[in-house]
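Subject: Structure handover

Hello,

Here is the structure for you to look at. Please open it first, then read my notes below.

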Amino acid sequence: MDFQHLSTLLWREQELLDLLLFKAEEKQYLILSGKTRWLARIAHEIEVVLDQLRTLEVERAAATEALAVRLGTGVNPSLRQLADAAPAPWNDLLAKHHEALLVLVTDLRSLSDANRELIEGGLSAIGDALLSVRQQPSAGTYGATGRSEHGATRAVTLDGAL
């Protein structure tokens with residue numbers, strides 16, 4: 001395990017986080033456009049990327065631990081701590097990896113929160129629509145005589161795009 005190997009793992013992690021960010025933006029587009037047909041597929045694609053990140057995280061932890069032993073930084077150091085202890089030019093490169101990862105994670109959290117709010121808002125709107133339909137008396141169609149019944153009620157159509 002060396003600095004080059006760790007740097008390669010960090011580049012791969014950045015690529016996967018960037019792909020995850022792209023998938024989250026795709027999900028947001030699908031939610032906003034009402035194309036819910038594809039939400040299950042995008043959720044699966046996001047899960048595949050998350051699995052790849054989990055696997056990479058284990059490998060990165062092993063590489064980080066091996067370097068930490070060599071540098072004497074203690075057990076389980078953060079990337080920032082490792083960058084501070086690394087010799088030049090690796091200290092600068094690891095610090096840049098750290099900054100890039102922070103930006104990606106911050107963007108992902110923000111987008112994830114926005115998507116969650118959109119989904120919760122959509123579910124709330126559906127619940128409100130269903131509740132308003134239940135509260136209205138049953139809309140009459142035809143009576144025993146075969147004629148339509150006139151009353152204060154009317155049929156309600158629920159927009160499936162909600």
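Take the contacts in the protein between residues at least 6 apart in sequence: 59% of them join residues at least 24 apart. Contact here means heavy atoms within 4.5 Å.

Before you go on, note that this is a predicted model, where local features need pLDDT of at least 70, side-chain atom pairs count only at pLDDT 80 or more, and totals for chains, interfaces and linings use all residues. Residues are numbered from 1 along each chain as its sequence is written, and side-chain values use heavy atoms, with hydrogens and water left out.

**Overall build**

The protein has four helices and zero strands. From the N terminus on, the order is α-α-α-α. Helices (H or I, at least four residues) and strands (E, at least two) are DSSP runs, numbered from the N terminus.

Of the 162 residues, 25% count as buried. Buried means under 20% relative accessible area, exposed means over 50%, and partly exposed lies in between (1.4 Å probe, protein chains only). The protein exposes about 10,900 Å². Carbon and sulfur atoms supply 55% of that area. Accessible areas come from the Shrake-Rupley method with a 1.4 Å probe; for residues, only the protein chains shown count as cover.

**The core**

In soluble globular proteins, nonpolar side chains tend to be buried together. Here the largest nonpolar core has 27 residues. A nonpolar core is a set of buried Ala, Val, Leu, Ile, Met, Phe, Trp, Tyr and Cys residues joined through side-chain atoms within 4.5 Å. The residues with the most contacts inside this core are Leu6, Leu10, Leu17, Leu20, Leu53 and Leu94. Helix 1, helix 2 (39–71), helix 3 (79–85) and helix 4 each give two or more residues to this core. Which helix gives the largest share of this core? Helix 1 does, with 10 residues.

Now look at Leu53. Leaving out residues up to four places away in sequence, Leu53 touches Glu13, Leu16, Leu17 and Leu20.

**Helix 2**

Leu53 is one of the buried residues of helix 2. Others on that list include Ile42, Ile46, Val49 and Leu56. Arg60 and Thr64 are among the buried residues too.

Helix 2 has 33 residues. From its first C-alpha to its last, helix 2 reaches 46 Å, close to the 48 Å expected at 1.5 Å a residue. The expected span is 1.5 Å times one less than the number of residues. Just after helix 2, Gly72 takes a positive phi of about 70 degrees.

Phe3 and Trp90 form it, and the pair is stacked: 5.7 Å centre to centre, with 15 degrees between the planes. Phe3 is in helix 1 and Trp90 in helix 4, 87 residues apart, so this pair links distant parts of the chain. The rule is that rings of Phe, Tyr and Trp (its six-membered ring) pair if their centres lie within 6.5 Å; planes under 30 degrees apart count as stacked, over 60 as edge-to-face and the rest as tilted. Phe3 counts as buried, at 7% relative accessibility.

Ser7 is in helix 1 as well. Is Ser7 buried or exposed? At 2% relative accessibility, Ser7 counts as buried. Leaving aside neighbours within four places in sequence, Ser7 is in contact with Trp90, Leu93 and His97.

**Salt bridges**

How many salt bridges are there? The count comes to 11. A salt bridge is a side-chain nitrogen of Lys or Arg within 4 Å of a carboxyl oxygen of Asp or Glu.

Three examples follow.

- Glu15 and Arg12: the closest N and O atoms are 3.5 Å apart. Both residues lie in helix 1 (residues 3–33), three residues apart, about one turn of the helix. Glu15 is partly exposed at 48%, and Arg12 is partly exposed at 36%.
- Glu47 and Arg54: the closest N and O atoms are 3.3 Å apart. Glu47 is partly exposed at 35%, and Arg54 is partly exposed at 45%.
- Lys96 and Asp92: the closest N and O atoms are 3.4 Å apart. They are four residues apart in helix 4 (residues 90–135), about one helical turn. Lys96 is partly exposed at 48%, and Asp92 is partly exposed at 43%.

Salt bridges that share partners also join Lys23, Glu26, Arg41 and Glu45 into one network.

Best wishes
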